Amino acid sequence: MIKLINKDVQDYINANLHTDLHALLLKKSPFPDVSIQEIVQQIKGRQVAEKKFPFLLKEGIIFPPQLNLEQASSEKTALYKSRILKGKKFIDLTSGFGIDAYYLSQNFDDITLVEQNTELLKIVEHNWNRVGKKARFINQKLEDFLNDNQENFDTVYLDPARRDQNKNKVFLLEDLSPDILDIQEKLLSISNQVVIKLSPLIDLKYLVSVLPAIFRIDIIAVKNDVKEVVIFLSNENIDKIICNCVNLESGESVFSFQLGEEENAESEYAEPEKFIYIPNNSILKAGIFNLISEKFGLKKLHPNSHFYTSEQKVEHFPGRFFEVETVDSKSIKKKSQFNLISKNYPLKPEGIKKKYGLKDGGDQYLIFTQSKKGKIILKSV
């Protein structure tokens, strides 16, 4: 590993950051003790770091294999979580490449990282030394650590592996590695706050049904792409579960609600008025279609459209909004340029584009959807 931080090797990596990697792999390494595959892996790591965790774009940083890079959290989501947590003692039981641990532990004095992959942990320890971050590094299986451990922590964090032995994606808690249902009591015996990162596809009702200790759920999107669902467990008596819908880098406020509110909320319905509202994907993931209508005083177009409308503009809506007018399909000119949105409509954007001979882009939007009266087309004004 140390051979990779040799100045000549680092200079070669930096000089080839924008080289065709397939072509580079066919070349012979200029260094007798560093393979061309190792060099290419470091270049790939830096390319990933530019987008996902730019704080590691420093001299002497070593990057792990591709799978570890893919599984690591982004700097953006890790930074958001870091603002929530604080205390004296923090432990990450599945540290991986250590991105979450680096940020989440910012407000803690005592930091422990547990990782069963020996080589990966060596890389993380090396990198943390390079960026001046201190921690205790434990190379052990999570289950063995829990059996041996006698300490308590202010926060326990884990990001379970979401692939089975055949590398197929899995979602149920009992199929993850580790099995969350099997170790939940043990986790809560060493901390009163357990934070678990899960797949964005996990079902919220399922989570609540199998984890009675949940007191908070954060649905975290970045630029309207839901990246992860984070759950918080506690030993304290739970009388309500707070859910936060977060859309980072959008300028939108966090929308918080109490789980169960949706069941008692009702929507009014109306034909399109002056403004149309489209909830962000963290709201849609939460399934609070009636609650959003009620909280913001908006009317819904159709039970399955999840578009909302109002005559007066409503501020701070968690999503996009457009001032619109209803148009007839005959008024749509061929070769016109629009951004297309289609929801609860027979044709998808590609089919609409083909049918009406439209081009993508421009400043205007065409929205194809349904109200209770039937199919409608809306144009932004």
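Buried residues make up 50% of the 381 residues in the protein. Here, buried means under 20% relative accessible area, exposed means over 50%, and partly exposed lies in between (1.4 Å probe, protein chains only). The model is predicted, so local features need pLDDT of at least 70 and side-chain atom pairs count only at pLDDT 80 or more, while totals for chains, interfaces and linings use all residues. Residues are numbered from 1 along each chain as its sequence is written, and side-chain values use heavy atoms, with hydrogens and water left out.

The protein has 14 helices and 17 strands. Helices (H or I, at least four residues) and strands (E, at least two) are DSSP runs, numbered from the N terminus. Along the principal axes, the C-alpha atoms fill a box of roughly 70 × 60 × 35 Å. The protein exposes about 19200 Å², and carbon and sulfur atoms supply 46% of that area. Accessible areas come from the Shrake-Rupley method with a 1.4 Å probe; for residues, only the protein chains shown count as cover. Of the contacts with a separation of 6 or more, 63% are between residues 24 or more positions apart. A contact means heavy atoms within 4.5 Å.

The interior was examined next. In soluble globular proteins, nonpolar side chains tend to be buried together. A nonpolar core is a set of buried Ala, Val, Leu, Ile, Met, Phe, Trp, Tyr and Cys residues joined through side-chain atoms within 4.5 Å. The largest such core has 53 residues. Leu 93, Leu 158, Leu 207 and Ile 231 have the most contacts inside it. Helix α9 (residues 180–190) gives the largest share of this core, five residues. A second, separate core of 50 residues includes Val 48, Phe 55, Tyr 157 and Ile 220. Beyond its neighbours within four places in sequence, Leu 207 is in contact with Leu 173, Leu 198, Ile 202, Ile 214, Val 229 and Ile 231.

Asp 92 lies in strand β1 (residues 89–92). It counts as buried because its relative accessibility is 1%. Not counting residues up to four places away in sequence, Asp 92 touches Ala 101, Thr 112, Leu 113, Val 114, Tyr 157 and Leu 158. Asp 92 and Tyr 102 are 10 residues apart in sequence, and their C-alpha atoms are 9.8 Å apart. Ile 377 belongs to strand β17 (residues 374–380). At 7% relative accessibility, Ile 377 is also buried. Leaving aside neighbours within four places, its contacts include Glu 325, Val 327, Ile 332, Tyr 356 and Phe 368. Ile 377 and Pro 200 are 177 residues apart in sequence and 31 Å apart in space, C-alpha to C-alpha.

Helix α13 (residues 289–296) has buried residues at Leu 291, Ile 292, Ser 293 and Phe 296. What covers them includes β9 (255–258), α11 (261–264), β10 (268–269), α12 (281–286), β12 (299–300) and β13 (308–310). Just after α13, Gly 297 takes a positive phi of about 65°.

A search of the whole structure finds 19 aromatic pairs. Rings of Phe, Tyr and Trp (its six-membered ring) pair if their centres lie within 6.5 Å; planes under 30 degrees apart count as stacked, over 60 as edge-to-face and the rest as tilted. The rings of Phe 275 and Phe 321 have centres 6.5 Å apart and planes at 65°, so this pair is edge-to-face. The pair links distant parts of the chain, with Phe 275 in strand β11 (residues 275–279) and Phe 321 in strand β14 (residues 319–327), 46 residues apart. Phe 275 is buried at 9% relative accessible area, whereas Phe 321 is partly exposed at 36%.

Some backbone features fall in loops. A cis peptide bond joins Ser 177 and Pro 178, with omega about 10°. Pro 178 sits in the loop between β4 (155–158) and α9. Lys 223 is not a glycine, yet has a positive phi of about 50°. Its loop runs between β6 (214–222) and β7 (225–233). Lys 223 is exposed, with a relative accessible area of 60%. His 306, in the loop between β12 and β13, has a positive phi of about 55°. His 306 counts as buried at 18% relative accessibility.
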